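Here is a short report on one protein chain.

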Amino acid sequence: MAFLEGEYQIGADEARDFLLGMPPVYVINDFLGEVQLRALYSISDAFVRITLGEGWSSAVAEAMSMALPVVTVAHPNVHEFLDDGAAYLVPLDTTDPYQYPFPEHEDNPRFGNPSQTELVSTLRTVRKESTTARTKGEMARLYATGIFGAESVSQHLLEHIGR
């Protein structure tokens, strides 16, 4: 049995050793309460949200507020509330034949799959450069609480009401 890793072919023993060094991945399909969710965020190394085209996500804002480094797709809507300083943005695969126009964003009308190569590279970066990733998570927390925190939202509402 052989496994492909980038351009390299590796044997089953090497693949097993490689996989044993990888962090575990858990899929949770049950409802998590606030306490459980907070506990899950506190033990996580990163929050990864890869989607084919949805931009905004309250889960991303929650993860940011918990100082987790966020890995998500560089979808046009994401740029409205995230940048490279607050998250790891994975570009869309420009060679993907399943992309179609996204009319709300004439400047970047892509709606499709993330680049798998860039995603793998980004996840490896987060894993290998954990100190940098944690720093980015702290920046994300400052950013999220500055924009989505109660004080900021209250101020925004007061300004809107005053118009």
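## About the model

This is a predicted model, where local features need pLDDT of at least 70 and side-chain atom pairs count only at pLDDT 80 or more, while totals for chains, interfaces and linings use all residues. Residues are numbered from 1 along each chain as its sequence is written, and side-chain values use heavy atoms, with hydrogens and water left out.

## The whole chain

The protein chain has six helices and five strands. Helices (H or I, at least four residues) and strands (E, at least two) are DSSP runs, numbered from the N terminus. Their order along the sequence is β-β-α-α-β-α-β-β-α-α-α.

The chain has 163 residues, and 31% of them count as buried. Buried means under 20% relative accessible area, exposed over 50%, and partly exposed in between (1.4 Å probe, protein chains only). The accessible surface is about 11400 Å², with 56% belonging to carbon and sulfur atoms. Such areas come from the Shrake-Rupley method with a 1.4 Å probe; for residues, only the protein chains shown count as cover.

## Helix 4

Helix 4 covers residues 116-128. Its 13 residues should span 18 Å at 1.5 Å a residue, and its end C-alpha atoms are 18 Å apart, which agrees. The expected span is 1.5 Å times one less than the number of residues.

Which residues of helix 4 are buried? They are L119, T122 and V126. Seen down the helix axis, they fall within an arc of 65 degrees, so they line one face of helix 4. The arc is that of the directions from the axis to the C-beta atoms. T117 and K128, on the other side, are exposed.

The buried residues of helix 4 pack against strand 4 (70-73), strand 5 (88-90) and helix 5 (130-148). Contact means heavy atoms within 4.5 Å.
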